[in-house]
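The sequence and the structure are shown next, and the description follows.

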Amino acid sequence: MKILVLGGGGLVGTRFKELQGNEQSSFEIESPTSSELDLTDSDDLSNYFKKSDAEAVLNFAAYTNVDGAEEENGDLSGAVYKLNVEAAKNL
């Protein structure tokens with residue numbers, strides 16, 4: 001089974017991939033970088049899904065810097081809102 005792992009470069013996604021990376025794992029992992037797939041771009045995401053043969057998607061992508069997020073409080077055009085709200089909506 002192939003799993004599309006989004007946010008695979010972050011803390012949780014990296015650990016998930018490490019745990020699934022052993023020879024006994026029954027999963028094949030596809031994990032595009034942010035330069036390969038822009039989760040905030042619905043067209044890019046749609047096109048990626050059409051090309052991918054993954055059977056499941058795990059989304060670990062999130063803006064997790066609390067102090068940085070507080071600085072963008074209420075900013076609907078900021079990176080925090082785009083990643084934590086718009087990207088999740090696109091999925």
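## Ile-29 and its strand

Ile-29 is found in strand S2, where strands (E, at least two residues) and helices (H or I, at least four) are DSSP runs that are numbered from the N terminus. With a relative accessible area of 29%, Ile-29 is partly exposed; on this scale buried means under 20% relative accessible area, exposed means over 50%, and partly exposed lies in between, with a 1.4 Å probe and protein chains only. Leaving aside neighbours within four places in sequence, Ile-29 is in contact with Ile-3, Val-5, Phe-16, Lys-17 and Gln-20, a contact being heavy atoms within 4.5 Å. Ile-29 and Ala-87 stand 58 residues apart in sequence and 20 Å apart in space, taken from C-alpha to C-alpha.

## Basis of the description

This is a predicted model, in which local features need pLDDT of at least 70 and side-chain atom pairs count only at pLDDT 80 or more, while totals for chains, interfaces and linings use all residues. Residues are numbered from 1 along each chain as its sequence is written, and side-chain values use heavy atoms, with hydrogens and water left out.

## The chain as a whole

The chain has four helices and three strands, and along the sequence these follow the pattern β-α-β-α-β-α-α. The C-alpha trace spans about 45 × 30 × 20 Å along its principal axes. Of the 91 residues of the chain, 23% count as buried, and among contacts between residues at least 6 apart in sequence, 60% join residues at least 24 apart.

The chain exposes about 6,200 Å², of which carbon and sulfur atoms supply 47%; accessible areas come from the Shrake-Rupley method with a 1.4 Å probe, and for residues only the protein chains shown count as cover.

## Glu-30 and Ser-52

Glu-30 is also found in strand S2, which covers residues 28-30, and this residue is buried, with a relative accessible area of 14%. Its contacts, apart from neighbours within four places in sequence, are with Lys-2, Ile-3, Leu-4, Val-5, Tyr-48, Ser-52, Asp-53 and Ala-54.

The side chains of Glu-30 and Ser-52 are joined by a polar contact of 3.0 Å, meaning a pair of N or O atoms within 3.5 Å; within protein, one must be able to donate a hydrogen and the other to accept it, and residues adjacent in sequence count only if both atoms are side-chain atoms. Ser-52 lies in the loop between helix H2 (42-51) and strand S3 (56-59), and at 15% relative accessibility Ser-52 counts as buried.

## Glu-55 in the loop

Glu-55 has its place in the loop between H2 and S3 and is exposed, with a relative accessible area of 60%. Leaving aside neighbours within four places in sequence, Glu-55 is in contact with Met-1 and Lys-2. Between Glu-55 and Thr-40 there are 21 Å in space, C-alpha to C-alpha, and the two are 15 residues apart in sequence.

## An aromatic pair

Rings of Phe, Tyr and Trp (its six-membered ring) pair if their centres lie within 6.5 Å, and planes under 30 degrees apart count as stacked, over 60 as edge-to-face and the rest as tilted. The count comes to one aromatic pair. The rings of Phe-16 and Phe-60 have centres 5.5 Å apart and planes at 45 degrees, so the pair is tilted. Phe-16 lies in helix H1 (residues 11-20) and Phe-60 in the loop between S3 and helix H3 (66-71), so the pair ties together parts that are 44 residues apart in sequence. Phe-16 is buried, with a relative accessible area of 18%, whereas Phe-60 is partly exposed, at 26%.
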